[in-house]
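Colleague: I would like to learn how to read a sheet and its surroundings. Can you take me through one?

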Amino acid sequence: MKRATRALGRALIHEYALVIYGSLLLAVLLTWPTLRYPLHTFPQDIWDPSRQAWQVSWAGHILITEPARLWQSNAFFPEAYSYAFGSSLLGYAPAGMIGSGPLAAVLRYNILYVLAHALLAVGGYALIRQLGAGRTGAIVGAVAFAYAPWRLAQEGHLDIISAGGIPLALAMLARGHGWSMRYGFRPGRRHAGWATVGWLVATWQVTLGFSLGLPFAYVLAVLIVVVGFAVLVRRLRRRSPRPVLGWRLLVTDLLGALIFAGVGLLIALPYLRVPDTGPAGTEIRFFSAPLRSLLIGPAESRIWGAPHAVPRQSLGWPAEMALLPGFVLYALALVGLVFSVWRMWQRLLLLVAVVVSVILTVGTTFFEGRWTYLPLFGHLPASFGVRIPGRMMLWVTLLLAVLAAGAVAEFVRRAEHLAAHRVPPWPGPWLRLATLVPLLLVLVETWNATAHPVVPEQPAAMRTLTGPMLVLPTTALTDQTVMLWSTSRFQEVANGSGGFAPQRQSELRRSVATFPDVASIEYLRQRRIGTVLLLRAEVVGTPWERSGDVPVETLGIRREDLDDNSVVFYLD
């Protein structure tokens, strides 16, 4: 008991345990007021978060009840493979198995949102620490990576915020192979167990969506080639008495890569069946940001939002083009090029990687992307979600954070060396305190002004009506709230909206604009929709404003007025 208690005590105060505690606390504070009213508000807006809260709920619900129907969701009825109309977020399905209904979906989303920010910091810290930076440098780099200003414009996209598995998987794989940037390969430190967990985390990351998963797969492929070449050269030179990769590690890597690729391909199959939205080059050009966008902060930044309002208006799509990773991060990374714990050739290699990442981030702005973004992503269908080049800013930020961490780590190293040679070492505490200045400056730039609108209350009829049904009004934005409301019963609804919604949704909205009349009723019957719910409070100013008062006796349908000022039309 004593040994177990001591082991538990050591685990609770282990470096990474403290990192997790700090990351969770920081996530709560820097995303505040997300957890102030977690049952009733969403961060940034109510549209995309509503849809993604529904996605997590649907995945959890259907995997328990009828797993074979996973991709045939209750929304977008009667479309096939409708769950593939957005990033899958399948990795969050276990959370979706807990609770039911819109309130549980909103609470679940907000908790996952905060945890995703914490994982960004934990993953960033683990990677930078494994590469060889000290604790202070890793903390600064992790915070700069996790809370870069450009992320504030993505706070309504859980799939984009959920990128913490990328640096965490890279850290675990590096740890498993006994490699760090500062010390190189150390065969005595390799461990197949860490590599196994690294591949599992990488596989989990790709289940959250291809928008970040596909670039991550490309990076892993490049790393596999580089490591294979390095091992071959080392073997030919016989520089090490022990093999760099033992047979266990080789088998782990082979199986891990196969599982990663296999899971990715299985998830990709439904996405390949989704109707494309148009030429890839057109969408990529529309979302490609100019180079100056890397100096423009988003509107959600409390520090740079207002000062950058004018330059932000010059961007074609500010929500995806305000890509500032932080001026403090820029400054620290520049210092890291000349003053760092990393070797000079490593700094130059990091600089080249930053330049390549920036070129990919600006998409077709760089020589129209002919030799950069388009060959990598231009041939892929829109459903994969890789037609927004600005999301490659993840890699720019990560590389800048590694450079910045090198500078901070070198400053700490010299400060400790200076303090150790003084008698008495009185400047030590002051120098150590000075090492926290970069962290404080990074934290200032993370200050957010993210809105937290209240989620519309679920109509009582959504808890009792069965499908297939249509809820009016139906628009690209309001349909996402309807999807959230459907989490009580998961009845089939014709409503649906998402980044890859088929053109039939536009056809549906045009065809029912005159409801109730003969043409719209016949159209709905052809689509096997037997119930229409009209929300009087929501249809003001829409084509359906008077639909609840139209006589229906001659149309062959039945109408029922409900107590909550909504109307149900039965078409059968």
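Predicted model: local features only at pLDDT ≥ 70, side-chain atom pairs only at ≥ 80, totals over all residues.

Colleague: Which residue stands opposite Tyr 570 in strand 6?

Modeller: That is Arg 558. Strand 5 (558-561) and strand 6 (residues 566-570) run antiparallel, and four bridges join them.

Colleague: How many residues lie between strand 5 and strand 6 in the hairpin?

Modeller: Four residues lie between them. Look at Asn 565 in the turn: its phi is positive, about 65°. Asn 565 is not a glycine. At 44% relative accessibility, Asn 565 counts as partly exposed.

Colleague: What is the order of the strands in the sheet?

Modeller: Read across the sheet, strand by strand. The order is 3-4-6-5, in an open sheet of four strands with mixed pairing. Strand 3 and strand 5 are the edges, since each pairs on one side only. From one strand to the next, the twist averages 20°.

Colleague: Where does the mixed pairing show up?

Modeller: Follow strand 4 to each side. Strand 3 (residues 469-472) pairs with strand 4 in the parallel sense, over four bridges. Strand 6 pairs with strand 4 in the antiparallel sense, over five bridges. Leu 472 stands opposite Leu 534 in strand 4. On the other pairing, Thr 531 has Tyr 570 of strand 6 as its bridge partner.

Colleague: How do I read the side chains of a strand?

Modeller: In a regular strand, side chains alternate between the two faces of the sheet. Now the case here. Thr 531, Leu 533 and Leu 535 point one way from strand 4, and Val 532 and Leu 534 point the other way.

Colleague: Are those residues of strand 4 buried or exposed?

Modeller: All are buried. Buried means under 20% relative accessible area. Five of the five residues of strand 4 (residues 531-535) pass, so the strand is largely enclosed by the rest of the structure.

Colleague: Which residues touch the most other members of the largest nonpolar core?

Modeller: Phe 216 and Leu 533 do, in a core of 135 residues. Helix 5 (residues 101-131) gives the largest share of this core, 16 residues. A second, separate core has 21 residues, including Leu 470, Leu 524, Trp 544 and Val 552.

Colleague: What does Leu 533 touch?

Modeller: Leave out residues up to four places away in sequence. Leu 533 then touches Met 469, Leu 470, Val 471 and Leu 472, among others. Its contacts also include Ser 566, Val 567 and Val 568. Ala 461, Met 462 and Leu 465 are on the list too.

Colleague: Which peptide bonds are cis?

Modeller: One runs from Leu 472 to Pro 473, with omega near 10°. Pro 473 lies in the loop between strand 3 and helix 21 (478-485). Another runs from Trp 32 to Pro 33, with omega near 15°. Pro 33 lies in the loop between helix 2 (15-30) and helix 3 (47-65).

Conventions: Residues numbered from 1 in each chain as written. Heavy atoms only, no water. Buried < 20%, exposed > 50% of the residue type's maximum accessible area, 1.4 Å probe, protein only. Helix = DSSP H or I, 4+ residues; strand = E, 2+ residues; numbered from the N terminus. Pairing = 2+ DSSP bridges. Core = buried A, V, L, I, M, F, W, Y, C linked by side-chain atoms within 4.5 Å. Contact = heavy atoms within 4.5 Å. Axes fitted to C-alpha atoms, helices over the stretch in contact; angles between N-to-C directions.
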